[in-house]
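Work through the exercises below with the sequence and the structure side by side. Try each task before reading its solution.

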Amino acid sequence: MAGADRPTVARRPVVLRAPTGRLAEVRGRGELLDLLYGLVAAPDGQFQVLAGLGGVGKTTIALALAERARAGGGSVWWVSGVDAVSVTDGMLALAADLGTPPAAIEEARAGRRHPADVTWESLGKSSGWLLVIDNADDPRALDVAGAAAADGTG
């Protein structure tokens, strides 16, 4: 029964391309955008989190950053963080987009490999990229295969 309940990329929509091109000028956030773009251009090995109440502009900043990164020649991916299934599906779709062999993705879906490991291995072979996990209002949505993001294994 558990195998029948396992979600697949084919059953859930996965958006890998940032929904850019819809922003007007972003005002009052130039310093933040410059800082974040500097980290895209010269990564420091850390991830960045935009946190705040709903409606303060986190997604707007991420979209503006995605537009700037793409205009600068970078690769940009956008994954929904609304729930753990969306994150896992999006990350594995990203791994597939990066050329990860289907067998490795199926091993992750079957529980023989950690889905996050499959994706980060693929991303580790690339440079000049930006990955946005949007709408992760519940940090538990970032748990992957029972591993919490907070403990560094999700």
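A residue is called buried if its relative accessible area is under 20%, exposed if it is over 50%, and partly exposed in between, with a 1.4 Å probe and protein chains only. The model is a predicted one, in which local features need pLDDT of at least 70 and side-chain atom pairs count only at pLDDT 80 or more, while totals for chains, interfaces and linings use all residues. Residues are numbered from 1 along each chain as its sequence is written, and side-chain values use heavy atoms, with hydrogens and water left out.

**Exercise 1. Describe the chain as a whole.**

Solution. Begin with burial: of the 154 residues in the chain, 31% are buried. Next, list the elements, taking helices (H or I, at least four residues) and strands (E, at least two) as DSSP runs numbered from the N terminus. The chain has six helices and two strands, and their order along the sequence is α-α-α-β-α-α-α-β.

**Exercise 2. Determine how helix α2 packs against helix α3.**

Solution. Two packed helices are described by the angle between their axes and the distance between the axes. Here an axis is a line fitted to C-alpha atoms, for helices over the stretch in contact, and angles run from 0 to 180 degrees between N-to-C directions. For α2 (residues 30-41) and α3 (residues 58-71), the angle is about 50° and the axes are 10 Å apart. The two helices are therefore oblique to each other, since angles under 35 degrees count as roughly parallel, over 145 as roughly antiparallel, 65 to 115 as roughly perpendicular and the rest as oblique. As a last step, look at the contacts, meaning heavy atoms within 4.5 Å: the residues of α2 that meet α3 include Leu 32, Leu 36 and Val 40, and those on the α3 side include Ile 61, Leu 65 and Arg 68.

**Exercise 3. Repeat the analysis for helix α4 and helix α6.**

Solution. The axes of α4 (residues 84-97) and α6 (residues 115-124) come within 9 Å and cross at roughly 35°. Among the residues in contact are Met 91 and Leu 92 from α4, together with Val 118 and Trp 120 from α6.

**Exercise 4. Which residues form the aromatic pair that is tilted?**

Solution. Rings of Phe, Tyr and Trp (its six-membered ring) pair if their centres lie within 6.5 Å, and planes under 30 degrees apart count as stacked, over 60 as edge-to-face and the rest as tilted. The structure holds one such pair, formed by Trp 120 and Trp 129, with 6.5 Å centre to centre and 35° between the planes. Trp 120 is partly exposed because its relative accessibility is 41%, and Trp 129 is partly exposed because its value is 26%.
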